[in-house]
Amino acid sequence: MTTKTNPGRFFEDFSIGEVIRHATPRTITAGDVSLYSALYGARFAVQSSDAFAKTIGYRHAPVDDLLVFHVVFGKTVPDISLNAVANLGYAVGRFLAPVYPGDTLRTVSEVIGLKENSNRKTGVVYVRSTGFNQDGVEVLDYVRWVMVHKRDPEAVIAEEHVPTLPRVVAPEALGDACPAIDLDAYDDGLAGSSDRWDDYEVGETIDHVDGMTVEEAEHMLATRLYQNTAKVHFDQLAQSGSRFGRRLIYGGHVISLARALSFNGLANAFHVAAINGGRHVAPLFAGGTVYAWSEILDKQPLPGRDDVGALRVRLVATKDKPCRDFPLKTGDEYDPAVILDLDLWVLMPR
Amino acid sequence: MTTKTNPGRFFEDFSIGEVIRHATPRTITAGDVSLYSALYGARFAVQSSDAFAKTIGYRHAPVDDLLVFHVVFGKTVPDISLNAVANLGYAVGRFLAPVYPGDTLRTVSEVIGLKENSNRKTGVVYVRSTGFNQDGVEVLDYVRWVMVHKRDPEAVIAEEHVPTLPRVVAPEALGDACPAIDLDAYDDGLAGSSDRWDDYEVGETIDHVDGMTVEEAEHMLATRLYQNTAKVHFDQLAQSGSRFGRRLIYGGHVISLARALSFNGLANAFHVAAINGGRHVAPLFAGGTVYAWSEILDKQPLPGRDDVGALRVRLVATKDKPCRDFPLKTGDEYDPAVILDLDLWVLMPR
Amino acid sequence: MTTKTNPGRFFEDFSIGEVIRHATPRTITAGDVSLYSALYGARFAVQSSDAFAKTIGYRHAPVDDLLVFHVVFGKTVPDISLNAVANLGYAVGRFLAPVYPGDTLRTVSEVIGLKENSNRKTGVVYVRSTGFNQDGVEVLDYVRWVMVHKRDPEAVIAEEHVPTLPRVVAPEALGDACPAIDLDAYDDGLAGSSDRWDDYEVGETIDHVDGMTVEEAEHMLATRLYQNTAKVHFDQLAQSGSRFGRRLIYGGHVISLARALSFNGLANAFHVAAINGGRHVAPLFAGGTVYAWSEILDKQPLPGRDDVGALRVRLVATKDKPCRDFPLKTGDEYDPAVILDLDLWVLMPR
């Protein structure tokens, strides 16, 4: 017998202020970029073309922001959420430096909050996770909170704290991962749309029209690519005995699908600058078809920059329901088709 | 409400002589090459091995010709065939320069013909599409024609024209994408066959023997890799209400499967130099098994070259029927198993 | 009609001492590495991170040992096992040099044994296959034996011989593919475990806990990536008439799954130095869930090295049965859940 395998942490194993260095640094390569493309079919010109990216001011085509997010996130799973009940939310996610193929990412998390639930069987862990590249440069920083089982309901939690988290990243904190963009060189024809920042209005809603059906092989390929080890995505035998009886699709897979679909209507939103918040409203299973729509929640210039402006976008994904009627909520209840309610800052050329 | 999404063009939106620059330039990388390999399992030594390719005269292993075709084609979909009824045919496709990993491809199309159908609900659009690399070099040029819906049956078409297209590319127009091949360095053992150009005879037929069953995840990964956005390949919910009730597999997926299968019998046909014509005779759905056979239609030296010769090959693919009897037509009717009837020029060492 | 396709060799076509150069050299790229990652989800830091690999003494992150094995193996299929009944076993597999992205692999096999079966319909072929890189350096050497059909039961076999094969590779023959490791630079936190060579004991068993369900698309993508052409993996129509009625999953896919699962308990076993032996005990089909456990069979220092030590590991994979009870055999009979019984030398930092 051995205890060499990772049992995961339970709620009482966390303490506020604790810093966790996560395992398995990961070099992102052109191979990862191609797989990401094959999995979601994104068509943003900056990430698709070295030539386009260089023309406007990047060193090279940058790695898709959400691929960076998934890799940085994946590393936290064995230490944070192996015994999780649910991933509850995200806040203050900021993309801080571009990531290029060849960069190696690793993740460090700090426990910033703990709150036991009244049933004493579970609690909520708040962590701030930071992704670094091989030079120690921060590339991504975000907070998530997750409900985690206690090993022992009787265990006493020494210190509890619920952090106060801003609902939105301030415009002055955006843009670090976006170099100065040469607007004269930015070719709308190649980018796929002539609608730039000035053409969007607060309150505007956009149905992204297209739908994408998801297969088991696809979400598992994606989730392994991110080295995310959460069992619920991979083990059908174990899931057969679960509430759903099915493998659950990693919520990040839905985020990337919705982002890729959003090209049709937001083609020039070439960079996700921040994740203000997000909620996986309902699970997705293989065979489901994902649709998406967006609402422009806010519109802000970036202090000191006139090359790009920021749009705050509510990106909503549904399953098995097209979005021409912009399904969201009836009263406080989400429409049963809604699976993702995400709040992003995206950058667009002005 | 917004009109920022792409509604696609309808038949009356095209005009003869119109030039359309398509969106999303795409840098082809080693990652794309690996995915292409995993999707089709091709074994041509020139595309598989840098060492082999360099030995015989390439700068590097070139990107598979059909991967180039699919990427160049994919870009045309949002502008040409989003409202298409069917892709009717191809002609005069010529590969004009080798493509290497790192090259960025973009596509420009010219409308060269329009013909309204007598029902006035649809019409046929003829376009010549040209793929360019980042240096502006033409890498591929082909014509396709596609039946497109009219938005308004009453709309009047200003000018109609049906272009005259050659049934076959002339041998003197072949070979631009093939450098001078060092025949002494060409290793038949590594290439997988000792049968070279001289060993094939006009009229010869070859059953490629092997079969390949296709899964939904595979054709969708492929089609997204090519950034081809045609809805019929991806949205099962929408397709449930269609004539077939199923997602349609991109016809190019069948072309690549047939080409990969043709290695068994044509191992030295390392380069597709031209697509003389082609027809997707019937649709393929996931779960179907693809087989292929070839007939040598013609055999021509290349003017001024004694390194390689051209074989004109009719490459036929079937579904769920092995090709030992070379299924094709009974009278004017295709055998119900035939799904692809393609006419290629391939090059072989002499 | 033509005989240009490969009919494969039958048992009477082999002769002892014969050397077969296999077709299709293959350049391994970052794209292959990414796909391998997406297919199995391995998390060994050395193969995942250029930065980690360089820090400890590699030139670059090396290609996963088993990816090298599958590519070298795949090339032998068209010449050795196209008419095989079954792949019976492996012996004395040694990894002899690291493989890096950009290296081109080719394979040469020597027939070292032949033994006709008493039914005269089949025989066992023993081959030693050697993988070389583009500089002619041996990167892998292994023996396998395979049962092959005779074309003609009456054919007389000139010479028979059953080679004597060691049951285990000697410790002094290990380590050629592992550079000197800088132990001070080896970061246990990033590697995922503080258990090093000294922490493992002979006789110790480790349940690797996690399970992975396999889809048709996944094993076919993998097997094509390796350019392994064995029909049983790809052609559902032909397999419908077989004993199992299903596509068989390439046994190497199970090996890679088990190895990836073994990270949970053997995170620092960063290099497979040798395959002492192995048996595919039962077939796996899509939909099955794979689990794995290991037993430490032996533990040896490497002569002249104090950076790494070798663990001899019995790696057992099951289908649809978790391994908390370490299923293996009842008497001489394997537990019906066992599908793989593999005997490896792995290296770990001391």
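A salt bridge is a side-chain nitrogen of Lys or Arg within 4 Å of a carboxyl oxygen of Asp or Glu. The model is predicted: local features need pLDDT of at least 70 and side-chain atom pairs count only at pLDDT 80 or more, while totals for chains, interfaces and linings use all residues. Residues are numbered from 1 along each chain as its sequence is written, chains are lettered from A and ligands numbered from 1 in the order in which they are written, and side-chain values use heavy atoms, with hydrogens and water left out.

**View 1. A salt-bridge network that includes residues of chains A and C.** A:E216, A:R246, A:R247 and C:E215 are linked in a network of salt bridges. Across the interface of chain A and chain C there are 5 salt bridges. The count over all chains is 52.

**View 2. The interface of chain A and chain C.** Here 35 residues of chain A are in contact with 48 residues of chain C, contact meaning heavy atoms within 4.5 Å. The buried area (the accessible area, with a 1.4 Å probe, that two parts lose on being put together, summed over both) is about 3,100 Å², and carbon and sulfur atoms give 56% of it. A:K4 and C:E204 form a salt bridge, with the closest N and O atoms 2.4 Å apart. On the side of chain A that touches chain C, β2 (26-27), α1 (30-40), β4, α6 (216-225) and α7 of chain A each supply at least two residues. The element that gives the most to this side is α6(A), with 6 residues. Helices (H or I, at least four residues) and strands (E, at least two) are DSSP runs, numbered from the N terminus.

**View 3. The salt bridge of A:E116 and A:K150.** The closest N and O atoms of A:E116 and A:K150 are 2.4 Å apart. This pair links distant parts of the chain: A:E116 is in strand β4 (residues 104-116) of chain A and A:K150 in the loop between β6 (138-149) and α5 (188-191) of chain A, 34 residues apart. A:E116 is buried at 15% relative accessibility, and A:K150 is buried at 7%. Buried means under 20% relative accessible area, exposed over 50%, and partly exposed in between (1.4 Å probe, protein chains only).

**View 4. The salt bridge of B:E116 and B:R120.** The side chains of B:E116 and B:R120 meet at 3.3 Å, N to O. B:E116 is buried, with a relative accessible area of 14%, whereas B:R120 is partly exposed, at 31%.

**View 5. The salt bridge of C:R312 and C:D343.** In C:R312 and C:D343 the closest N and O atoms are 2.4 Å apart. C:R312 belongs to strand β11 (residues 308-319) of chain C and C:D343 to strand β14 (residues 338-349) of chain C, so the pair links distant parts of the chain, 31 residues apart. C:R312 counts as buried at 16% relative accessibility, and C:D343 is buried with a relative accessible area of 12%.

**View 6. The aromatic pair of C:F52 and C:Y186.** Rings of Phe, Tyr and Trp (its six-membered ring) pair if their centres lie within 6.5 Å; planes under 30 degrees apart count as stacked, over 60 as edge-to-face and the rest as tilted. Over all chains the count is 44 aromatic pairs. C:F52 and C:Y186 are edge-to-face, at 5.3 Å centre to centre with 80 degrees between the planes. C:F52 lies in helix α3 (residues 50-56) of chain C and C:Y186 in the loop between β6 (138-149) and α6 (188-191) of chain C, so the pair ties together parts that are 134 residues apart in sequence. C:F52 is buried, with a relative accessible area of 4%, and C:Y186 is buried, with 5%.

**View 7. The surroundings of B:T29.** B:T29 lies in the loop between β2 (26-27) and α1 (30-40) of chain B and is buried, with a relative accessible area of 18%. Its side chain reaches the backbone nitrogen of B:G31 at 3.0 Å. Apart from neighbours within four places in sequence, B:T29 is in contact with A:A30, A:S34, B:P101 and B:G102.

Conventions. A polar contact is a pair of N or O atoms within 3.5 Å; within protein, one must be able to donate a hydrogen and the other to accept it, and residues adjacent in sequence count only if both atoms are side-chain atoms.
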